[in-house]
Amino acid sequence: MQIPTKKLINGFEIPVLGFGTWEMGGKYERIENYDESGDIAAIRKIIELGGSCFDTAEKYAKGYSEEILGKALKGYDRKKLFITSKVDVLHMKYDDVINSCKQSLARLQMDYLDLYLLHFPSLNIPIEETMKAMDYLKEQGLIKNIGVCNFNIERLKEAQSKTKNKIVLNQVHYNLIFREPVFAGVLEYCQNNDIFLEAWRPIQQGSLANRGIEILDKMCEKYNKKPSQIAINWLISQKNVITLTKSSNPLHIEDAINSVSWDMTEEDVDLLGKDFPIQLDRSNAVQLK
Ligand SMILES: NC(=O)c1ccc[n+]([C@@H]2O[C@H](COP(=O)([O-])OP(=O)(O)OC[C@H]3O[C@@H](n4cnc5c(N)ncnc54)[C@H](OP(=O)(O)O)[C@@H]3O)[C@@H](O)[C@H]2O)c1
């Protein structure tokens with residue numbers, strides 16, 4: 001089964017569900033003598049089950065997550081994969097952006113990225129300088145598309161005004177519990193401006209995979225699905241929303257793949273949106289400052 005895609009009016013197309021690599025090989029540091037075999041097997045399992053879209057970052061395990069992803073994907077047809085990486089907030093100067101991208105490509109053993117993102121807005125480096133470097137990378141064919149993460153509306157507008165290219169995607173923390181993109185207007189802005197909102201942490205690292213919340217349990221029974229699958233499908237049922245989960249567990253991967261390719265009714269999407277009992281207006285990980 002192929003994961004379905006969504007397409008913007010401007011032509012940019014991406015699978016509705018991608019797979020992240022956060023914590024593969026470590027968090028902010030590389031774990032020495034890490035056993036990569038489980039992550040590599042998981043990435044290959046995702047492909048075997050129809051996944052093709054992967055997300056990583058130079059920041060994850062100091063580049064080691066990219067290395068693991070690169071090893072796992074070696075030998076697959078590059079054209080059939082969709083690979084995203086991100087430049088760290090500490091590398092937003094012109095030359096640093098270019099170096100970071102080249103180093104990410106080397107670790108991934110690839111010659112282009114489908115999408116390159118600014119990992120966080122920088123408070124020090126003028127966005128104009130960073131976007132010029134992103135434009136250069138696109139001109140050189142090292143990246144196919146440009147996006148951002150954790151940008152509020154003002155920053156999105158400013159970034160867009162400083163690039164020749166369309167910003168196609170904003171990656172933010174969004175799930176049934178964490179609703180900051182709705183409260184801050186970012187979701188509506190993306191929907192009205194032909195930008196994807198890519199929701200990271202769709203199952204809140206497993207918290208939304210458990211039974212015990214009445215409305216979620218009812219949806220599980222109605223659709224014969226698990227809570228994590230309802231949580232993921234709720235996101236991708238929304239206009240311009242796609243998502244990214246992460247798992248190195250074969251059973252969780254199967255669950256994730258079976259979260260897509262079926263439709264929740266509009267009424268149920270609205271009901272979960274309104275009546276889900278815990279709705280927080282601030283991320284507990286990153287604020288849309
Ligand atoms: N741009 C940003 O600032 C930013 C920030 C955070 C994340 N991201 C990206 O978004 C990706 C997804 O975010 P996330 O990793 O936090 O998402 P998530 O899917 O909400 O959480 C992943 C965690 O949940 C566990 N899990 C997965 N499926 C499960 C299930 N069915 N039941 C119970 N536990 C389950 C996984 O463990 P197992 O491996 O054991 O299944 C893993 O520890 C990241 O990997 C990263 O690539 C981007």
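So, α1 and α2 are oblique to each other, because oblique is what's left once angles under 35 degrees count as roughly parallel, over 145 as roughly antiparallel and 65 to 115 as roughly perpendicular. Helix α1, residues 37-48, packs on helix α2, residues 64-73, at about 55°, with the axes 9 Å apart. Axes here are lines fitted to C-alpha atoms, for helices over the stretch in contact, and angles run from 0 to 180 degrees between N-to-C directions. Helices are DSSP runs of H or I with at least four residues, strands are E runs of at least two, and both are numbered from the N terminus.

Quick caveat: this is a predicted model, where local features need pLDDT of at least 70, side-chain atom pairs count only at pLDDT 80 or more, and totals for chains, interfaces and linings use all residues. Residues are numbered from 1 along each chain as its sequence is written.

Who touches whom? On the α1 side we have D39, I40, I43 and R44, and they meet I68, L69, K71, A72 and L73 of α2; contact means C-beta atoms, placed from the backbone, within 7 Å.

Now the sheet. Eight strands make a closed barrel, β3-β4-β5-β6-β7-β8-β9-β10, with parallel pairing, and pairing takes at least two DSSP bridges between two strands. From one strand to the next, the twist averages 30°. β3 (residues 17-20) pairs with β10 (residues 241-245) in the parallel sense, over three bridges, and L17 sits opposite T243 in β10.

Last one: helix α3, residues 94-108, lies across β5 (82-87) and β6 (115-118), at about 140° to β5.

Note on methods:
Two residues are in contact if their C-beta atoms, placed from the backbone, lie within 7 Å.
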